[in-house]
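Have the structure open while you read.

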Amino acid sequence: NLRQRLRGEFAGVGIRYIMHRDTLVVRGVVEHSPAERARIEPNDRITAIDNRSIVGIALDSIPKLLRGKVGSTTTISVVRRGEPNTLNISLKRDIIESSAITTSFSVDSIGYIAISKFSKPLASEFLAAYRKLGDIKSLIIDLRDNSGGAITSAIDLTGLFLSKGDVIVSTEGRTNSIVYDKKKDGPLRDIPLVVIINEGSA
């Protein structure tokens with residue numbers, strides 16, 4: 001399961017969410033996923049999965065409820081603004097090929113890229129998204145509710161913005177220490193950068 005998550009591929013329904021006051025709040029859906037086909041909407045509030053209430057369930061236990069064998073089904077109970085009654089929506093699980101880049105656009109020469117996790121191959125996906133932004137003069141990277149992932153992906157991404165010799169991260173153990181530094185200049189080292197995080201960032 002961990003390897004599938006780091007590769008960005010697993011069998012599930014394709015919902016991105018956060019926990020808020022004992023409900024799951026949908027932040028978005030993966031393109032071409034069962035959730036997109038079922039028209040799950042941002043800000044939908046999931047109160048139960050297969051008739052099991054979300055109340056009291058740890059956040060890290062939610063994926064176990066939503067994921068399963070390809071072709072199996074799960075039913076989520078959804079409270080949606082404007083709907084008088086709770087919606088019970090059945091989703092057929094499928095392979096989810098989710099890019100770590102969830103959103104990218106530019107306005108007034110300012111680029112914006114949102115990253116949901118540090119999965120492979122993040123650095124190449126990020127550069128591809130960056131190049132599509134066109135001629136921008138500054139960049140915002142949104143890591144809000146980023147679920148974490150592989151440290152090597154985080155290192156590769158950070159290296160895009162650093163110069164030769166800069167230390168990216170160092171670890172120190174009882175018997176040895178490891179320092180990851182840049183061997184050459186990163187292609188985006190001169191771009192003015194703002195990084196956004198929140199309490200949900202790993």
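Start with arginine 80: with a relative accessible area of 15%, this residue is buried. Keep in mind that you're looking at a predicted model. A search through the whole structure turns up six salt bridges, and here are some of them. The general idea is simple: oppositely charged side chains can pair when their charged atoms come close.

**Arginine 80 and its partners**
- Arginine 80 and aspartate 44 meet through their side chains in a salt bridge, at 2.8 Å from N to O.
- That pair ties together distant parts of the chain, 36 residues apart: arginine 80 sits in the loop between E6 and E7, and aspartate 44 in the loop between H2 and E4.
- Both arginine 80 and aspartate 44 are buried.
- Arginine 80 also forms a salt bridge with glutamate 41, where the closest N and O atoms are 3.7 Å apart.
- Here too the link joins distant parts of the chain, with glutamate 41 in the loop between helix H2 (34-37) and strand E4 (45-49), 39 residues away from arginine 80.
- Glutamate 41 has a relative accessible area of 36%, so it counts as partly exposed.

**Arginine 144 and aspartate 142**
- These two side chains, arginine 144 and aspartate 142, meet in a salt bridge at 2.7 Å, N to O.
- Arginine 144 is partly exposed, at 38% relative accessible area, while aspartate 142 is buried, at 5%.

Notes
Residues are numbered from 1 along each chain as its sequence is written. This is a predicted model: local features need pLDDT of at least 70, side-chain atom pairs count only at pLDDT 80 or more; totals for chains, interfaces and linings use all residues. Side-chain values use heavy atoms; hydrogens and water are left out. A salt bridge is a side-chain nitrogen of Lys or Arg within 4 Å of a carboxyl oxygen of Asp or Glu. Helices (H or I, at least four residues) and strands (E, at least two) are DSSP runs, numbered from the N terminus. Buried means under 20% relative accessible area, exposed over 50%, partly exposed in between (1.4 Å probe, protein chains only).
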